[in-house]
Amino acid sequence: MSNFSYQVFRAVVTEKTFIRAAAALNVTPSAISHSVSQLETALGFPLFIRNRTGVELTPDGQQVLPTVQAILNLEDQLTQIADNINGQNTGRVRLGAFSSVSTNWLPPVIRQFKAETPKVDVSVMQGGFNEIGEQVRTGALDIGFSLLPVESSLVVVPLLKDPIYCITPRDFTPKNGKTMTDADMNKQTFILQQGDYDRDTKAALDRYQVSTNSLNYSIDDQSILSMVEAGLGFGVLPRLALQKLTGDINVWPFSEPFARTLCLVTNPTTQKSPSVEHMLTVIAQFVQKNLSG
């Protein structure tokens, strides 16, 4: 089986159709179809389910995806090592992050990385915590920012405890003047990003017996603040998300503190590539300089 077959397999998984995969690899759709058929014959089972809208992986295809991705990642590592030996310092780093990390951390991290290794390509995928962990697990991403807990097969480095706060209109003050209690939370409407109603945010709302009927959803953190400012409800956001947001609102701690633990996740295979190792070093330096203590 050739590496081209593996490249075709990855392209079809990413692009969802043979036609888009062909465009991505600059070959004909028939070449994509032929390569997939050859790989399926060699492996002895179908990799894709074809339908009118495109293709999706079979259960067997899902099982082999991480291995195929690992083979391609190892080939990339070999190329990078050879280039570094020859003084070229090329390669790529694929980052995954949720919105508050993308906004607050990645700009300075990427600027520093590009200043030191300008020939290395950097791409960023923004997504949810679970999605990022899965993409790192399969090798589609090299480095991910996520929240604990994550998939046990990944290399996990805890980074920061990020407190979670309640966001209210400017004219609202808790009954005790300091923290949000059960009495303050009772019968209130809350505005969240749908993907945020998970883990620590859900734990905080469950603690104060906020039902799902009291939840409305917005598209991003700034929109949440705008809706809270307009008096449409309360928000629940972590400290990191509030760093670059603006609004005529108040930020109150809960009577019982809640926090999420941000972490860095890498795949044991992809973390060994020179470009990924260097990006991890830059991230570690950023954390040490800006987040320690």
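The residues lining the largest cavity divide into 4 nonpolar, 1 polar and 5 charged (Ala, Val, Leu, Ile, Met, Phe, Trp, Tyr, Cys and Pro count as nonpolar, Asp, Glu, Lys and Arg as charged, and the others, Gly among them, as polar). The model is predicted, with local features needing pLDDT of at least 70, side-chain atom pairs counting only at pLDDT 80 or more, and totals for chains, interfaces and linings using all residues. Residues are numbered from 1 along each chain as its sequence is written, and side-chain values use heavy atoms, with hydrogens and water left out.

A cavity here is a set of points, on a 1 Å grid over the protein atoms alone, where a 1.4 Å probe fits but cannot get out; lining residues have an atom within 4 Å of a point. The largest cavity has a volume of about 90 Å³ (the space filled by probe spheres set on the points, which are joined across faces, edges and corners). Among its lining residues are Phe129, Leu147, Asp196 and Arg260. Helix H9 (residues 199-207) gives the most to this lining, with 3 residues; helices (H or I, at least four residues) and strands (E, at least two) are DSSP runs, numbered from the N terminus.

The second largest cavity, of about 60 Å³, has a lining with no nonpolar, 5 polar and 4 charged residues. Asn73, Arg92 and Asp142 are among them. Helix H4 gives the most to this lining, with 4 residues, and strand S3 (91-97) supplies at least two.

Elsewhere, strands S1 (residues 48-51) and S2 (residues 54-57) run antiparallel, joined by 4 bridges (two strands pair if DSSP finds at least two bridges between them). They form a hairpin with 2 residues between them, and Arg50 stands opposite Val55 in S2.

Definitions and conventions. On a 1 Å grid over the protein atoms alone, a cavity is a set of points where a 1.4 Å probe fits but cannot get out, and a pocket is an open set with protein on both sides within 12 Å along at least five of seven lines; lining residues have an atom within 4 Å of a point.
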